Amino acid sequence: MINEKIDLYGYFGLKRGKDAEGYLTSYVPSNTGEIKQKLRPAVIIIPGGAYRMCSEREGEPVAIKFLNEGYAAFVLNYSVFTAYPVPLAEALAAVAYVRRNAQRFAVDVNHVATLGFSAGGHLAGMTATMFDDKKCGEMLGIGVDELRPNATVLCYPVTTSDKAYAHAESFRIISGGDSALADYLSLEKRVNANSVPSFIWHTAADDCVPVNNSLLLAEAYLKCGVPCALHVFEKGWHGLSLCNCETNDQTEEDAALVSVRKWFDLAIDWLRDRNFAVKVK
């Protein structure tokens, strides 16, 4: 396995701000000479944490799960307590990095997905709807074709700045307290016909980030005619991650974990329908 920590700022020759993160960790299967060489889909995992932390439960365990499905998996540690455009620029840099190193990682450049949880879901959602952001393009000096992911998976995502449903802390941090910017970063307002296809899941019982966040985003996708799958599970708390005892304190038999953990297989099937699959070179 290729397991290494990549400094995105160093790789792209960007000036690192004080306390900036922007590190990408790879979990990539090594091709062996004993069998035919593989070309793999890639997924960039973006943990949640209200833009004030990167949850470990939503990082490495998820990468290993995708690794076992044959994916080249990467986990992004993005800058926290930091306003737009920095976190988005780091996430888009991660997409470009994976593409530029596709040969070394045996990655299919046309099948690179982002996946995010909670506030990380907001960041992944921005990569799907704001990959052509001018500020990020200027910061990175990279063309849109390299920055645009091919699909995104959003897990109980923060999406809207609507006061009735917003996760206030996440939007306060990513907007720097600027209400006009918060409105601009409301994902349902950024969806257009060129947005990236999206798989979205949430629980109706989420009392931290209301399910309306996902409903509003899915509605925007439908209005724009962009492929979107939406799954709403009845039970389950916020931050379920993989819905197992490795990522939760509850036992494997907890009804919510048993029911909602199906999200992963559903996402894999949806990605496979979009030709995200291991291919023989």
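The legends below describe close-up views of a predicted model.

**View 1. Helix 12 and its buried face.**
Helix 12 covers residues 262-273, which is 12 residues. At 1.5 Å a residue, the helix should span 16 Å, and its end C-alpha atoms are 17 Å apart, which agrees. The buried residues of this helix are Trp263, Phe264, Ala267, Ile268, Trp270 and Leu271. Seen down the axis of helix 12, these buried residues fall within an arc of 165°, so they line one face of the helix. Asparagine 275 follows helix 12 and has a positive phi, near 75°.

Tryptophan 263 is buried, with a relative accessible area of 0%. Phenylalanine 264 also counts as buried, at 2% relative accessibility. The two residues form an edge-to-face aromatic pair, with 5.7 Å from centre to centre and 80° between the planes. The charged end of lysine 65 sits over the ring of phenylalanine 264, at 5.3 Å from the ring centre.

A pair of aromatic rings is described by the distance of the centres and the angle of the planes. The count of aromatic pairs in the model comes to 15. In one of them, the rings of tyrosine 156 and tryptophan 201 have their centres 5.2 Å apart and their planes at 90°; planes over 60 degrees apart count as edge-to-face, so this pair is edge-to-face. Tyrosine 156 lies in the loop between strand 6 (151-155) and helix 8 (168-175), while tryptophan 201 lies in strand 7 (residues 198-203), and the two are 45 residues apart. Both tyrosine 156 and tryptophan 201 are buried. For tyrosine 156 the relative accessibility is 1%. Tyrosine 156 has a positive phi of about 35°, although it is not a glycine. Ring pairs join tyrosine 156 and tryptophan 201 into a cluster whose members also include Phe66, Tyr71, Phe117 and Phe233, along with Trp263 and Phe264.

**View 2. The loop between strand 4 and helix 3.**
This loop runs between strand 4 (72-77) and helix 3 (86-100), and serine 79 has its place there. Serine 79 is buried, with a relative accessible area of 1%. A polar atom of the serine 79 side chain lies 2.8 Å from the backbone nitrogen of glutamate 21. The side chain of serine 79 also makes a polar contact with the side chain of glutamate 90, at 2.6 Å. Phenylalanine 81 is found in the loop between strand 4 and helix 3 as well. Phenylalanine 81 counts as exposed, at 60% relative accessibility, and has a positive phi of about 50° although it is not a glycine. Proline 85 belongs to this loop too. A cis peptide bond joins tyrosine 84 and proline 85, with omega about 15°.

A search of the whole structure finds 0 disulfides. Cysteine 243 is in no disulfide, and the nearest cysteine sulfur, that of cysteine 155, is 9.1 Å away. Cysteine 243 is buried, with a relative accessible area of 0%. For cysteine 245, the closest cysteine sulfur is that of cysteine 243, at 12 Å, which is too far for a bond, because a disulfide needs the sulfur atoms within 2.5 Å. Cysteine 245 is partly exposed, with a relative accessible area of 39%.

Glycine 177 lies in the loop between helix 8 and helix 9 (179-184). At 57% relative accessibility, glycine 177 counts as exposed. Glycine 177 and alanine 83 are 94 residues apart in sequence, and their C-alpha atoms are 8.8 Å apart in space.

**View 3. A histidine in strand 5.**
Histidine 111 lies in strand 5 (residues 107-117). At 10% relative accessibility, histidine 111 counts as buried. Histidine 111 and arginine 99 are 12 residues apart along the chain, and 9.5 Å separates their C-alpha atoms.

**View 4. A lysine over a tyrosine ring.**
Lysine 5 lies over the face of tyrosine 23, at 4.5 Å from the ring centre.

Technical notes
Residues numbered from 1 in each chain as written. Predicted model: local features only at pLDDT ≥ 70, side-chain atom pairs only at ≥ 80, totals over all residues. Heavy atoms only, no water. Helix = DSSP H or I, 4+ residues; strand = E, 2+ residues; numbered from the N terminus. Expected span 1.5 Å × (residues − 1). Buried < 20%, exposed > 50% of the residue type's maximum accessible area, 1.4 Å probe, protein only. Arc of directions from axis to C-beta. Phe/Tyr/Trp six-rings, centres within 6.5 Å; stacked < 30°, edge-to-face > 60°. Lys NZ or Arg CZ within 6 Å of the ring centre and 35° of its normal. Polar contact = N/O pair within 3.5 Å; in protein donor to acceptor, adjacent residues only side chain to side chain.
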